[in-house]
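The sequence and the model come first.

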Amino acid sequence: MPCHLLSSWRHRQKCAPLHLEEPIVPSNARPERVRLACADTFAGRVGSLLHVDGTRTFIGVYPQGEEVDGVTGWQTGHRGLVFDEGAFFSGIVDHLRALGSTGRLYAWGFSNGAALAYKLAVNGGLGFRGIAASVTALTASPETYGDGILAYNFPTMESATKPIAVLSIMGSADRTIPLRGGAFGGSDAVLADAKDSILLWSEINQCAGHVTAAIDATYAVPQEEDASTTAARTIFGGCVLPTHFIELSCVGHGSARSIDGEDSMSYAVNFLL
């Protein structure tokens, strides 16, 4: 799944119209894996979510993971592949900076894309401000995978993890990524308990206390119709940066379609920004 990035654009001039079909080619990045578009050129619902005004514009980057045996995904330590995503994302960020972007960096991802978003959060070298991770938790073991700027899977003294906004969304009975973690597929990776993961992020973000309340939601599972459900939303208080956890009451490896009456993408964007 793609990992979506939003980068705040604070250049005085409007960014040139860059359509989704037109790739950018940052150094160290394979051009066929990157798409860039200005917020005001987005098609469909994404464009209406970015709240472009006279003083603030956002650009969206839609990178794709490597395709192996017909499956596209990120090399996050679960696929037994050579890790090169650090150089890949460094190239994207460097390209945005060269274009004049001086604003904040955010990432959103689902499943494997969420695992990549967590690596961007754990490894503080690229300076991401916030992530929205849908349907996965931190990788508890191995502690590292590969080397370079995105080597660490789990926050440690060596990982340069900094406070970062974290929105974590999990399914209560997901059979692919269990809420309580454990061994992942046929790999040697072990996923952390999702609730323990968000508690760790609350410590990193220096939170004090939390409140949990029931909210309405809908979720979507591939090849199935959207279904109404409920969710428990935990909001941590007093944090340096916002820290939320949403547990959907659902089965299957799906994602939230709406949260508390709001489109899930809109919810994530508003949380991050």
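## Terms and basis

Helices (H or I, at least four residues) and strands (E, at least two) are DSSP runs, numbered from the N terminus. This is a predicted model, in which local features need pLDDT of at least 70 and side-chain atom pairs count only at pLDDT 80 or more, while totals for chains, interfaces and linings use all residues. Residues are numbered from 1 along each chain as its sequence is written, and side-chain values use heavy atoms, with hydrogens and water left out.

## Helix 4

At the start of helix 4, a side-chain oxygen of aspartate 193 comes within 2.7 Å of the backbone nitrogen of lysine 195. Glutamine 206, which follows helix 4, has a positive phi, near 60°.

Buried means under 20% relative accessible area (1.4 Å probe, protein chains only). In helix 4 the buried residues are Ala194, Ser197, Ile198, Trp201, Ser202 and Ile204. Seen down the helix axis, they fall within an arc of 160° (taken from the directions from the axis to the C-beta atoms), so they line one face of helix 4.

## Nonpolar cores

A nonpolar core is a set of buried Ala, Val, Leu, Ile, Met, Phe, Trp, Tyr and Cys residues joined through side-chain atoms within 4.5 Å. The largest has 40 residues, and Phe89, Leu120, Phe128, Ile131 and Trp201 touch the most other members. Among the elements that each supply at least two residues are helix 2 (85-98), helix 3 (112-122) and helix 4 (194-204). Helix 3 gives the largest share, seven residues.

A second, separate core has 19 residues, including Ile169, Ile215, Ala231 and Ala256.

Key. Buried < 20%, exposed > 50% of the residue type's maximum accessible area, 1.4 Å probe, protein only. Polar contact = N/O pair within 3.5 Å; in protein donor to acceptor, adjacent residues only side chain to side chain.
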